[in-house]
Amino acid sequence: MVGYKFMGKAHSHAYRDLPLFFPESLRPEMKVICGRNESEVAKAAAQFGWEESTTDWKSLLEREDIDLIDINAPSDVHKEIAIAAAHAGKHIFCEKPLALTLQDSKEMLEAAEAAGVKHMVGFNYRFAPAVLLAKKLVEEGRLGEIYHFRAFFLQDWLVDPNFPLAWRLQKEIAGSGSHGDLGAHLIDMAHYLVGDVAEVIGMNETFIKERPLPANMTGLSASSNADGEKGPVTVDDATLFLARFKNGALGSFEATRFASGHRSTNSFEINGSKGSVIFDFERMNELQVYFNDDKEDVQGFRRVVATDPAHAFSEAWWPPGHTIGYEHTFIHEMVELMDALREDRQPVPNFRDGVKCQQVLEAVDLSIEKRQWIQISELD
């Protein structure tokens, strides 16, 4: 595994807990964790349960006892590591967004497919049981023809103008700001639940143009240098866009790190000809469901707690009503990956989904630049 901070901890937890609750899946052997800081990655190895640590990711590709490379380092290194891993015949799990650019993501996909390895991209929110219930209702036609998909991912960790210039605020490392970090999840959710996007138009803003240079960074926290020197913010703080799906549905998307009071509000609503659903990850075990054909005296959104055996993955966990959390989406993600390896198939979502997401991300950026609607097909 390359990376050992926020996502590194989440992935490590998933690999460790997977066999306890999903014994039929392959059992991951946690061989080596890699990071740039020798002492810190050694601490992470001991804490997270890895057998060894290293600062040289290329050495991982030479080892015959390593079959899978997990990439959760910053976005600017995804392409190099993934392509090298593919050439070495290693299966690949890569965090989102897949790459800094659409072209880079396409090259990653081409390398993985040419090598015949398994590849997966980390859209973990797909794996909440309540989201899978929404998917089931759409697929079974219980919501009817889909008219609307509206989604927003709201955070507030950058509202303080003195928050340091962390790597997620630097385009050369992150690729984009809230758009690629948060908006990518919304785009993938739209693709998963509703279908392909046909065209987009958007706008964005960077509210704080300069920030103090960081002394250190961990996950979504950082501290600044004492000298007060500042650097430019080169990504968006907020991006909003409208979309038209190929099936005729309309979509609206909002991603921001400046929504005071919203720690991590990741939500979507789908409206169809027969009903609607609402999901909010802050209440991730619940799906709000409405059906038009309910009798008038009991019409309204019902709260479905997706913890019964009828709900995806739930039978492996606790008795009905006993909820699960954020970390469980990563465990479910790794179940899909391990099962795909055992069954000799491509896991879902994979690099194809990552490329499709990147295509919409860049179409929105192009729309903002040109101040006009952009057809997704223009970026094929």
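Are Tyr15 and Trp50 buried or exposed? In this predicted model, Tyr15 is buried, and Trp50 is buried as well. The report below describes the sheet, the helices beside it, and the aromatic residues.

**The sheet**

Nine strands form an open sheet with mixed pairing, in the order β17-β16-β15-β14-β6-β13-β12-β7-β18. Its edge strands, β17 (302–305) and β18 (374–375), each pair on one side only. In general, the strands of a sheet pair through backbone hydrogen bonds, in either a parallel or an antiparallel sense. Strand β16, which comprises residues 286–291, pairs with β17 in the antiparallel sense over four bridges. Within this pairing, Arg302 of β17 is the bridge partner of Val289.

Two helices may be described with the sheet. Helix α5 (residues 129–139) lies across β6 (146–154), β14 (265–272), β15 (275–280), β16 and β17, and runs at about 25 degrees to β16. Helix α9 (residues 351–370) also packs on the sheet, where it touches β7 (197–205), β12 (238–245) and β18. The direction of α9 makes about 60 degrees with that of β7.

**Helix α3**

Helix α3 spans residues 78–87, and its buried residues are His78, Ile81, Ala82, Ile83, Ala85 and Ala86. These buried residues pack against β3 (68–71), β4 (91–95) and α4 (102–115). After α3 comes Gly89, with a positive phi near 80 degrees.

**Aromatic residues**

A search of the whole structure finds 22 aromatic pairs. Two of them are set out in the table.

| Pair | Distance between ring centres | Angle between planes | Geometry |
|---|---|---|---|
| Tyr15 and Trp50 | 6.3 Å | 85 degrees | edge-to-face |
| Phe22 and Trp317 | 5.8 Å | 75 degrees | edge-to-face |

Tyr15 belongs to helix α1 (residues 6–21), whereas Trp50 lies in the loop between α2 (38–48) and β2 (52–54), so the pair ties together parts that are 35 residues apart in sequence. Phe22 lies in the loop between α1 and β1 (32–34), and Trp317 in the loop between β17 and α8 (326–343); this pair therefore ties together parts that are 295 residues apart in sequence. Both Phe22 and Trp317 are buried.

One aromatic cluster is formed by Phe6, Tyr125, Phe149, Phe153, Phe241, Phe245, Phe253, Phe268, Phe279, Phe281, Tyr326 and Phe330.

A charged group also meets an aromatic ring. The charged end of Lys135 sits over the ring of Tyr192, at 4.6 Å from the centre of that ring.

Methods: Residues numbered from 1 in each chain as written. Predicted model: local features only at pLDDT ≥ 70, side-chain atom pairs only at ≥ 80, totals over all residues. Heavy atoms only, no water. Pairing = 2+ DSSP bridges. Contact = heavy atoms within 4.5 Å. Axes fitted to C-alpha atoms, helices over the stretch in contact; angles between N-to-C directions. Buried < 20%, exposed > 50% of the residue type's maximum accessible area, 1.4 Å probe, protein only. Phe/Tyr/Trp six-rings, centres within 6.5 Å; stacked < 30°, edge-to-face > 60°. Lys NZ or Arg CZ within 6 Å of the ring centre and 35° of its normal.
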